[in-house]
Amino acid sequence: QVQLVESGGGLVQPGGSLRLSCAPFGSVFNVYTMGWHRQAPGKQRELVAAITSGGSTNYSDSVKGRFTISRDNTKNTVYLQMNSLNPEDTAVYFCNAAIQYKSFWSPADYWGQGTQVTVSS
């Protein structure tokens, strides 16, 4: 069973920074598009940023210029550098990836368990 393991959440003051990381647990054949979503209390889950295996990126308007998504294909790891954080960024952040677990399997979407990011003074 492929799992996505996230790390890097926590409590930060407004204006501060955090870096999230996410990688599959165990061996996989290939990893395609990876991304981060977030869900604040009482709100729907929304896309924050995504990155293809070739490095093309996509950001939500609310984080453009403040967040940077990147990946290390040698480690199958995706990162989310979050700068200039504000209280509206408080949410549970979920990693998502399209993973081909075995060469003879079709790619499928997988999700991490979520990591809490709280921006508060």
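At 43% relative accessibility, Ser84 is partly exposed (20% to 50% relative accessible area; under 20% is buried and over 50% is exposed, with a 1.4 Å probe and protein chains only). This is a predicted model, where local features need pLDDT of at least 70, side-chain atom pairs count only at pLDDT 80 or more, and totals for chains, interfaces and linings use all residues. Residues are numbered from 1 along each chain as its sequence is written, and side-chain values use heavy atoms, without hydrogens or water. Strand S9 (91-100) is mostly covered, with 9 of its 10 residues buried. Strands here, like helices, are DSSP runs numbered from the N terminus (strands are E, at least two residues; helices are H or I, at least four).

**Loop residues with positive phi**

- Ser84 is not a glycine, yet its phi is positive, at about 50°.
- Ser84 sits in the loop between S8 and strand S9.
- Asn76 also has a positive phi, about 55°, and is not a glycine either.
- The loop that holds Asn76 runs between strand S7 (67-72) and strand S8 (77-82).
- Asn76 is partly exposed, with a relative accessible area of 24%.

**Strand S9 and its partners**

- S9 pairs with strand S4 (residues 30-39) in the antiparallel sense, over 8 bridges. Two strands count as paired if DSSP finds at least two bridges between them.
- Asn96 has Trp111 in S10 as its bridge partner.
- Strand S11 (residues 115-119) is joined to S9 by 3 bridges, again antiparallel.
- Ala91 is bridged to Val117 in S11.

**Nonpolar core**

- The largest nonpolar core has 29 residues. Such a core is a set of buried Ala, Val, Leu, Ile, Met, Phe, Trp, Tyr and Cys residues, joined through side-chain atoms within 4.5 Å.
- Trp36, Leu80, Met82 and Tyr93 touch the most other members of this largest core.
- Two or more residues of this core come from each of strand S3 (18-25), S4, strand S5 (46-51), S7, S8, S9 and S11.
- S9 gives the most to this core, with 5 residues.

**Salt bridges**

- Side chains of opposite charge can pair when their charged atoms come close.
- The whole structure holds 4 salt bridges. The test is a side-chain nitrogen of Lys or Arg within 4 Å of a carboxyl oxygen of Asp or Glu.
- One of them joins the side chains of Asp89 and Arg38 at 3.0 Å, N to O. Asp89 lies in the loop between S8 and S9 and Arg38 in strand S4, so this pair ties together parts that are 51 residues apart in sequence.
- Asp89 is buried, at 1% relative accessibility. Arg38 is buried too, with a relative accessible area of 6%.
- Asp89 also meets the side chain of Arg66 in a salt bridge of 2.8 Å, N to O. Arg66 lies in the loop between strand S6 (57-59) and S7, and Asp89 in the loop between S8 and S9, so the pair ties together parts that are 23 residues apart in sequence.
- Arg66 counts as buried, at 17% relative accessibility.
- Salt bridges that share partners join Arg38, Glu46, Arg66 and Asp89 into one network.
- Asp61 and Lys64 form a salt bridge through their side chains, at 3.2 Å, N to O. Asp61 is exposed, with a relative accessible area of 66%.

- Gly10 lies in strand S2 (residues 10-12) and is partly exposed, at 24% relative accessibility.
- Gly10 and Val119 are 109 residues apart in sequence, but 8.5 Å apart in space, C-alpha to C-alpha.
- Gly10 touches Leu18, Gln116, Val117 and Thr118, leaving aside residues up to four places away in sequence. A contact means heavy atoms within 4.5 Å.
- Val117, one of these contacts, is also the bridge partner of Ala91.
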